[in-house]
Amino acid sequence: MKYFIILFSAFLLVACKKEKETVSGSASADSLHIAKDSASTGQSSGNILVGTIPFPKEIKECSCYFAVNKADFENEKYIYADDAGKTAYMMLDGKRLALNLISSSDMEVDELLTKEIENDNYKISVKGKKIKGEEALLFEGTLTIEKPDGTSFTTPIYGECGC
């Protein structure tokens with residue numbers, strides 16, 4: 001019985017690990033193609049590849065999401081999305097990342113939007129100004145990404161925040 005439990009546990013560990021590798025392997029193949037397409041539309045001052053993402057399924061209610069320009073926004077080619085205060089989603093250097101938001105401005109106080117996102121590999125700053133407001137607030141601004149080695153990427157953004 002003891003050997004059966006050990007064998008079964010080992011089987012589960014291998015099965016879970018194999019499934020995870022399959023999912024990430026297929027995502028990186030897709031993301032490499034996407035990263036090449038969208039990186040050519042941005043204005044890069046370094047070698048940070050920013051790819052487009054579909055609207056994240058993890059976001060259920062209020063959110064902010066941005067594209068490089070109005071046309072990409074209307075075609076749902078987003079480069080950034082967040083769940084209004086907790087987690088930001090981006091495709092950076094060929095990997096889809098879920099990053100913790102460090103700070104976010106209260107958009108009801110003024111017409112400026114600021115967000116700071118940081119992890120070990122990236123420091124991301126979002127700055128925008130409200131251009132239209134109804135149920136959802138439309139913003140234009142810039143998104144800047146910096147790496148610890150000094151590499152940076154800045155792109156214009158267009159998008160909305162709302163519930």
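Helices (H or I, at least four residues) and strands (E, at least two) are DSSP runs, numbered from the N terminus. With that numbering, aspartate 93 sits in the loop between strand 5 and strand 6. Keep in mind that this is a predicted model.

**Exercise 1. The disulfides**

Solution: 
- Step 2, take cysteine 62 and cysteine 163. Their sulfur atoms are 1.8 Å apart. The torsion about this S-S bond is about 100°, so the disulfide is right-handed. This pair links distant parts of the chain, 101 residues apart: cysteine 62 is in the loop between strand 2 (50-51) and strand 3, and cysteine 163 is in the segment after strand 10. As for accessibility, cysteine 62 counts as partly exposed at 26%, while cysteine 163 is exposed at 76%.
- Step 3, take cysteine 64 and cysteine 161. The S to S distance is 2.0 Å. The torsion about the S-S bond is about 120°, so this disulfide is right-handed. Cysteine 64 is in strand 3 and cysteine 161 in strand 10, so the bond ties together parts that are 97 residues apart in sequence. Both cysteine 64 and cysteine 161 are buried.
- Step 4, write the pattern.

**Exercise 2. Rings against rings**

Task: Search the whole structure for aromatic pairs, then describe the geometry of tyrosine 65 with tyrosine 78 and of phenylalanine 73 with tyrosine 158.

Solution: 
- Step 1, count. The search turns up seven aromatic pairs.
- Step 2, tyrosine 65 and tyrosine 78. Their ring centres are 5.2 Å apart with 75° between the planes, an edge-to-face pair. Tyrosine 65 lies in strand 3 and tyrosine 78 in strand 4, so the pair ties together parts 13 residues apart in sequence. Buried or exposed? Tyrosine 65 counts as buried at 14% relative accessibility, and tyrosine 78 counts as buried at 7%.
- Step 3, phenylalanine 73 and tyrosine 158. This pair is edge-to-face too, at 5.5 Å centre to centre and 75° between the planes. Phenylalanine 73 is in helix 2 (residues 70-74) and tyrosine 158 in strand 10, so the pair ties together parts 85 residues apart in sequence. Phenylalanine 73 is buried at 13%, and tyrosine 158 is buried at 8%.
- Step 4, join up. Ring pairs link Phe55, Tyr65, Phe73, Tyr78 and Tyr158 into a cluster.

**Exercise 3. The nonpolar core**

Task: Find how many residues the largest nonpolar core has and which have the most contacts inside it.

Solution: 
- Step 1, size. The largest nonpolar core has 25 residues, and Phe66, Tyr80, Ile124 and Ile145 have the most contacts inside it.
- Step 2, contributors. Elements giving two or more residues to this core include strand 3 (63-67), strand 6 (95-104) and strand 8 (123-133). Strand 9 gives the most, with four residues.
- Step 3, zoom in on isoleucine 124. Beyond its neighbours within four places in sequence, its contacts include Met90, Leu99, Ile117, Leu143 and Ile145.
- Step 4, look elsewhere. Apart from this core lies another, of eleven residues, among them Ile59, Tyr89, Met91 and Leu138.

**Exercise 4. A buried charge**

Task: Find the side chain of opposite charge nearest to aspartate 72.

Solution: 
- Aspartate 72 is in helix 2.
- Step 2, check the distance. The nearest side chain of opposite charge is lysine 77, 4.6 Å away. A salt bridge needs the nitrogen within 4 Å of a carboxyl oxygen, and aspartate 72, though buried, has none.
- Step 3, list contacts. Leaving aside neighbours within four places in sequence, aspartate 72 is in contact with Ala67 and Lys77.

Key. Residues numbered from 1 in each chain as written. Predicted model: local features only at pLDDT ≥ 70, side-chain atom pairs only at ≥ 80, totals over all residues. Heavy atoms only, no water. Core = buried A, V, L, I, M, F, W, Y, C linked by side-chain atoms within 4.5 Å. Buried < 20%, exposed > 50% of the residue type's maximum accessible area, 1.4 Å probe, protein only. Contact = heavy atoms within 4.5 Å. Phe/Tyr/Trp six-rings, centres within 6.5 Å; stacked < 30°, edge-to-face > 60°. Disulfide = S-S within 2.5 Å. Lys, Arg positive; Asp, Glu negative; His and termini not counted.
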